[in-house]
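Good morning. I will take a few minutes to go through one structure, starting with where its chains meet. Please have a look at it first.

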Amino acid sequence: MNAEKQELLWLFLVAVIAHIVFALAGAACFLVWELHPGRLLGIGAAAGAASSLGILIQGIRGNSEQALKRQQAVVYLAWYLLVGVGGAFAVISFLKTPRALPAGVDKAFPAAVFLLLGAFAALVVRRVLLLAVPERAENLRYGLSLWLINTVWSTVLASTALILLSIKLHEIAFWATQILAYWTLLYSCEMILRGVALTARSQASASSVSPNLLLFESVYLGKNPFARFGRLLLEEYGIDIGSSRVGPTLRRKLPLVIGGLVVALWALSAFAVIQPHELGLRERFGKSSRSALSPGLHLKYPWPIEQVTRFPAQRLLSMTIGYEALSRAQDMIWSRPHGRKEYRFPVGDGRELISIDALLYYEINDVFDYAYQTQNPDTILACLAYAALSERIVGSQLDELLSVDRASLSEELAETLNQRATSESLGLHVVQLCLESIHPPFEVADAYQRVVSSSLAKEARVLRANAYRENVLPAAQAQADSLVSLARADSCLRLGTAKGEAIAFIQTATARGVAPDLFDQHLRLGTLEASLFERQFVVLDRRISTSRLQPWIDLRAKPLSVPLDQANDDFEDTAIPWEGEGAFQ
Amino acid sequence: MSRIPVRWLAAAVIVLLIGLKATTFTVRQGNTSVVTRLGKPTRVITDPGLHLRWPWPVETANNIDSRRKAFTTRFAETLTKDKKNVILVNFAVWSVDDPLRFLQSVVSSSEAEAKLDGMISNAKNAVMGNYDLSALVSTDQDLLKIPDIEDAILNEVKDQALSKLGIRVWHVGIRRIALPEENVRYVFDQMRAERSQFAARAIAEGRRIATAIRAQTEVERAAILADAKEEAAQIRGQAEAEAARLYAEAQQTDPRFFKFLRSLEALKRLIGEKSTVILRTDSDPFDLLEKESPTK
């Protein structure tokens, strides 16, 4: 392996280690201090570590020097942009957080000692790495050395701040942390600039980039940053500003330029811009005027004589009551917990629990009171809201609250809160308390939903019974109507028949009067004809039996179709007994 | 302008600024400052604005935020007079009343709150020992004593907080009332059981009403049909009566002939297709088989 390739591999090894360190720092920023940009730093640096490791492995397994050089630019780009942007965001977040003493202030001294040990370790690491990295890798040795020096001094400054905190010199400690934060922001910005500049360069020329920063060189090694900048432009970008007149002139007038810039920046602090949703309070040496500054541009004495504090006084603010909201919107379903945490309030003599989810909308109605009467007016309002809600519901039962008139309850609570907020001089006005959901805790919500289901089932059963009734009764009525109508029809028919027959009889009787016997005989024979036509009949000789009376009708099932003489014989044998002998007794 | 005067000017400005910073301090609106000279408190400044001091390390201005502040206590389980466990989360609104005492007794407001939390927990346990659970949660409004409890805790705490911490407690409130998890489990069981009872009752009630409706329907159907049958029978009866009257009137004209005619009709109807009629030769018209011709 030649020396140049060895140098490149060293570079990638250092890049892996550095990225891992920054990934851990980013994770700590996010997990410990909840600085969200730390996430960006962590993820970016982790990705950088992974890619550097990949390139390193490829280099060890035999990738050519040319390929490694091409990838070097990518590693630098990742290093500058990801770590630079992440670091800058983390510092800005830190600077924007309200100034307050850290919770673990009593552990400041041990932490300072721990940091000093870390600084010592960084010094040792620097020495070891300088020995380990080959001398030919000059760029790398130089850059690495500067980074480690920066780590040592930053750690020393942080530990100094902690020691100052521990001996209650809070003000000086605060300024120490501010210096550290602004310094980190400054070199993060240089990293970002260099990363952006790197993207404009070809990959081949990017291989000559060194990992050191101009700010490190000027601060730690006392080198002239402008001369270094000129050399950097010449070496890495091919721009020669030394040969022009701009460079020497700039160098000569430098104190004046810097002084002018400082004064200009200071003069800018004489302007205050209040955004449309804000109101401002002007403080002169800490003493505030009662009148608020409206949105727009305002002139004031520059810092530190006057300062303007801004408040979102025109904005409708909100907070959740009864649950802790998730960052994203969530459905309000009984059987699912709402938000990150949902509270349960005891009701009904302590034998029942209820969850009430409310959104409190409020606004700042007195900026002066909001700013100076209380330290945390929003927290006080939240406390008052919980107390008012608890007081209102502890005397009720769950079922009462589930069916309560929410509009009037909401109004009642808002009114109570406004009275209390006024008496506490919070400078806040409650606009509305929206009762989003009143429900039994989600653990038992299914039981309540079953009751509703059962009520629905009950209703359904009753409805089905009513449907049956609606079906059956009209059918019965129709059947009844039919019966009556049929009876009427039968009646008409019957009467008609009777009338007809009566008239026919009278007419027949009248006709009979002419020759009654003949008429009767005629009728009798006619009837006989009609009755016996095509029917079985037997004619017996009147002399066949004298002692026995012959029946007129043979009730036996067997049809008689035998010849007359044979029939007579059969009849003799099976003659039906009469008077005292037979079956008719 | 030569370099040396510019540097001197810059240095003078910087020295002047440092001097101003070292000899003055500002007290912000709502803040109080305790000035200590070599550690000994010399004056308390409550007026906001710019004030003079000897430079550090001779005099130090300790700024204290004297605005009112709310803090929420930890969850603390306590026992009521009727031996029931309850968890109370309180909040207290406080402010620094005696800055010097505050500075001497605590480092920061978070430390003051930690100490105040302890005092409130202690007072809460003592006060709740005098009240039943019904003083916190009850459907009987007369039993609820939340304002009394809050006042009692405040009275227990305020003098102590003022004398020991230099802070004035404006009021103590109950932010949340909760039950221990073990009790919550049983409350849930009871709530489930109660709801199951309601659900079963609803189902049974539904069955009862539906059955009643069906039964009533059957009764009404039977009544409708019975009425209809009765009416139909009446109609038919009236028709029969009318028919009988008509027959009777007709019969009166010749009862014997009517009987004869009716018998013949009955005969026609009675003799079916499968009937076998046995007649004798001495009956009409078969007597013709034996008799001589009437013309002889």
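Start with one pair of residues: R195(B) makes a salt bridge with D399(A), and their closest N and O atoms are 3.1 Å apart. Keep in mind that this is a predicted model. How many salt bridges are found across the interface of chain A and chain B? The rule finds 9. There are also 30 residue pairs in polar contact between chain A and chain B, counting pairs with both residues at pLDDT 80 or more. On the side of chain A that touches chain B, the largest share comes from helix 16 of chain A, residues 445-512, with 41 residues.

Now the interface as a whole. Chain A puts 122 residues into the contact and chain B puts in 104 residues. The area buried between the two chains is about 10,400 Å², and carbon and sulfur atoms give 65% of that. Which residues of chain A lose the most area to chain B? They are Q375(A), F505(A) and R542(A), which together make up 7% of what that side buries.

Next, a charged residue without a partner. E150(B) sits in helix 4 of chain B, residues 146-165. E150(B) is buried but has no salt bridge. The nearest side chain of opposite charge is R420(A), at 6.8 Å, and a salt bridge needs the nitrogen and oxygen within 4 Å. What does E150(B) touch, leaving aside residues up to four places away in sequence? It touches E391(A) from the other chain, and V172(B), G173(B) and I174(B) from its own.

On to the backbone. W303(A) and P304(A) are joined by a cis peptide bond, with omega about 5 degrees. P304(A) is in the loop between strand 4 (296-299) and strand 5 (306-311) of chain A.

One is D349(A), at about 60 degrees, in the loop between strand 9 (345-347) and strand 10 (352-364) of chain A. Is D349(A) buried or exposed, or in between? At 24% relative accessibility, D349(A) is partly exposed. The other is K83(B), with a phi of about 60 degrees, in the loop between strand 7 (76-79) and strand 8 (85-96) of chain B. K83(B) is exposed, with a relative accessible area of 62%.

Last, the cysteines. A search of the whole structure finds 0 disulfides over all chains. As for individual cysteines, C189(A) is partly exposed at 37% relative accessible area, while C492(A) counts as exposed at 56%.

How values were computed
Residues are numbered from 1 along each chain as its sequence is written. Chains are lettered from A and ligands numbered from 1 in the order in which they are written. This is a predicted model: local features need pLDDT of at least 70, side-chain atom pairs count only at pLDDT 80 or more; totals for chains, interfaces and linings use all residues. Side-chain values use heavy atoms; hydrogens and water are left out. Helices (H or I, at least four residues) and strands (E, at least two) are DSSP runs, numbered from the N terminus. Buried means under 20% relative accessible area, exposed over 50%, partly exposed in between (1.4 Å probe, protein chains only). Lys and Arg count as positive and Asp and Glu as negative; His and the chain ends are not counted. Contact means heavy atoms within 4.5 Å. A disulfide is a pair of cysteine sulfur atoms within 2.5 Å. Buried area is the accessible area (1.4 Å probe) that two parts lose on being put together, summed over both. A polar contact is a pair of N or O atoms within 3.5 Å; within protein, one must be able to donate a hydrogen and the other to accept it, and residues adjacent in sequence count only if both atoms are side-chain atoms.
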